[in-house]
Amino acid sequence: QAIGKHGAEAVPLLAEALANGSLEIQLRSLALLAEMGDPSAGAADAVVAALDVPELKWPSIEWIKLVGPPAAAAAPKLIRWYREAEEPGGYGWALGAIGEAGKEIIPDLIRDVEDERRGWFAIVALREFGPLAASAAPTLGRLILRRHEEVPNPRAGHVVLQAIDALARMGDPGADEIRALLESGNDQLARLVTEAYRYAGRETYALRRAYWELRDSESGVVRNAALRYLGRPAVLKRLDDEQLRVLMETKAPRFRGETVAAELVLRADMAEVIRALESDDAVLRKAALATLKVRKQEAKEAVPALGRQLVKEPITSVQRTIVYVLCEIAGKEAQPYLVEYVRNHKRHDAWQSAYVRLKSWADLEFLGGLLVDDEARVRFLAERTLSELGPKFQPDLREALTANLLDGKRRSKYVASLLKSWGADGAPAFVQLHRSLTYADYDFARRYLEGMGAAALPALLEALED
């Protein structure tokens with residue numbers, strides 16, 4: 001175990017332990033080599049020799065599945081065992097992982113695809129061979145059509161899942177079979193193929209090509225599945241600008257155009273990004289914002305457009321993104337745009353993050369006005385903003401905060417907590433409230449004064465002398 005922690009450096013020692021150690025040591029050595037994966041290729045000779053030990057045979061095959069070609073010397077044994085076995089288990093899979101040295105078995109695998117007992121193992125092996133097994137594509141296509149009638153639920157048909165996965169790894173022949181299945185005119189079969197493929201979770205050239213050709217298919221199920229696939233970020237990066245524009249023009253109901261727009265705008269020059277920011281298309285505006293977040297260093301020229309869009313944009317979460325991007329790019333220069341925005345949308349809480357993010361205003365007169373606004377939500381947002389700005393900004397607004405504390409209709413726990421946090425400087429406001437003739441005001445002030453402890457004493461003693 002200690003040796004195994006040294007990674008590739010330990011491979012020669014583990015190979016020696018596999019060749020000469022006790023059974024327990026051999027099994028542990030194989031397990032450690034399997035955990036290493038490709039770096040353990042130097043132990044191939046020892047692992048191939050271990051195939052002849054009954055207790056080590058299957059652990060050795062598991063290692064071959066992981067490492068593949070370096071174990072080419074095992075191919076003759078594995079081919080013989082596959083042909084002799086009633087249920088071939090992992091022999092075919094291991095041969096598929098080995099690749100070129102094991103391709104002699106491919107005709108046997110194609111013959112076994114339709115066999116009830118050997119079929120699943122044969123399909124898995126063909127999947128591992130990938131393009132080397134392209135001659136199996138028609139057989140797998142026929143198998144999927146037949147099994148579809150028997151097991152229409154993709155998650156119930158493991159054979160179908162593996163067959164689709166095998167086709168997807170075969171290059172052009174596999175892509176042709178997938179296309180034929182999707183264009184068979186049977187929407188249920190098309191859904192089976194697309195869902196099964198999503199379940200298998202592969203992203204290959206074969207399926208990408210098939211889906212690209214099928215974006216204008218007659219079948220709505222096929223078209224939407226193709227567009228969903230093409231809309232994935234990992235796939236989009238492989239498409240050129242013209243293909244991206246074609247996708248942007250697609251109006252399929254379930255197509256996620258946001259990811260396409262984001263990739264297209266990300267590649268554009270800054271002038272195009274600004275045009276997208278002021279576009280009537282909400283998808284393009286979001287894509288432009290995402291691009292500006294990434295390209296902050298070159299985005300200074302977008303500041304005026306961001307300011308205009310901040311005021312124009314409907315009340316949505318997009319405004320928070322605009323505020324964030326504007327503050328990140330413009331810093332203090334964002335102040336005029338943000339003040340204008342607050343005047344127009346003072347009920348929306350995106351402006352609060354702007355105040356807190358900048359923490360540098362010419363004066364706090366505007367915030368003081370919001371503290372005594374007629375609307376409770378606006379006062380609440382102003383108080384919360386002041387709380388997050390910190391003590392440095394609060395004393396200038398003491399008068400407004402005290403007025404809110406004394407007004408029963410405007411009083412909030414935010415104001416009380418702020419004043420309490422000032423200690424001796426905030427206590428006079430509570431003493432003032434404590435003199436109220438209403439029990440609710442008196443009791444509210446008493447609880448806070450008691451909570452302030454010694455910090456409240458100077459204000460209380462002054463009140464006693466009055």
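Trainee: Which residues does serine 40 touch, not counting those up to four places away in sequence?

Mentor: The model is a predicted one, and a contact in it is a pair of residues with heavy atoms within 4.5 Å. Once residues up to four places away in sequence are set aside, serine 40 touches Val11, Leu33, Trp63 and Val67.

Trainee: Where is serine 40 found?

Mentor: Serine 40 sits in the loop that runs between α2 (23-36) and α3 (44-50).

Trainee: Is serine 40 buried or exposed?

Mentor: Compare the relative accessible area with the cut-offs: under 20% is buried and over 50% is exposed, with partly exposed in between. Serine 40 has a relative accessible area of 0%, so it is buried.

Trainee: And how does serine 279 count, buried or exposed?

Mentor: Serine 279 counts as buried because its relative accessibility is 17%, and the cut-off for buried is under 20%. This serine lies in the loop between α18 and α19 (282-294). Apart from residues up to four places away in sequence, serine 279 touches Leu284 and Arg285.

Trainee: What is the place of leucine 27, and what does it touch?

Mentor: Leucine 27 belongs to helix α2. Leaving out residues up to four places away in sequence, leucine 27 touches Glu55, Leu56 and Pro59.

Trainee: What share of contacts in the chain join residues at least 24 apart?

Mentor: Take the contacts between residues at least 6 apart in sequence; 62% of them join residues at least 24 apart. The chain has 30 helices and 0 strands. Of its 466 residues, 50% count as buried.

Trainee: How do the axes of helix α28 and helix α29 cross?

Mentor: Read the approach of the axes, then the angle, then the handedness. The axes of helix α28 (residues 427-434) and helix α29 (residues 439-452) come within 8 Å and cross at roughly 150°. The crossing in which α28 passes α29 is left-handed.

Trainee: Which residues make the contact of α28 and α29?

Mentor: On the α28 side they are Ala427, Phe430, Val431, Leu433 and His434. The α29 side contributes Asp441, Tyr442, Phe444, Ala445, Arg446, Tyr448, Leu449 and Met452. By residue class, this contact of α28 with α29 has 10 nonpolar, 1 polar and 2 charged residues.

Trainee: What volume does the largest pocket have?

Mentor: Begin with the volume and then go through the lining. The volume of the largest pocket is about 250 Å³. Its lining has 13 residues, and those closest to the pocket centre are Arg245, Leu264, Val265, Ala268 and Glu272.

Trainee: Which elements give two or more residues to the lining of the largest pocket?

Mentor: They are α16 (241-248), α17 (257-266) and α18 (270-277). With 4 residues, α18 gives the most to this lining. The lining residues divide into 7 nonpolar and 6 charged, with no polar ones.

Trainee: Where is glutamate 272 found?

Mentor: Glutamate 272 is in helix α18, and it is among the lining residues closest to the centre of the largest pocket. Its relative accessible area is 35%, so glutamate 272 is partly exposed. Glutamate 272 and alanine 288 are 16 residues apart in sequence, and their C-alpha atoms are 9.0 Å apart in space.

Technical notes. Residues numbered from 1 in each chain as written. Predicted model: local features only at pLDDT ≥ 70, side-chain atom pairs only at ≥ 80, totals over all residues. Heavy atoms only, no water. 1 Å grid on protein atoms, 1.4 Å probe; cavity = no way out; pocket = protein on both sides within 12 Å on 5 of 7 lines; lining within 4 Å. Points joined across faces, edges and corners; volume = space filled by probe spheres on them. Nonpolar A, V, L, I, M, F, W, Y, C, P; charged D, E, K, R; others polar. Axes fitted to C-alpha atoms, helices over the stretch in contact; angles between N-to-C directions. Left-handed = near helix turned anticlockwise from the far one by under 90°. Buried < 20%, exposed > 50% of the residue type's maximum accessible area, 1.4 Å probe, protein only.
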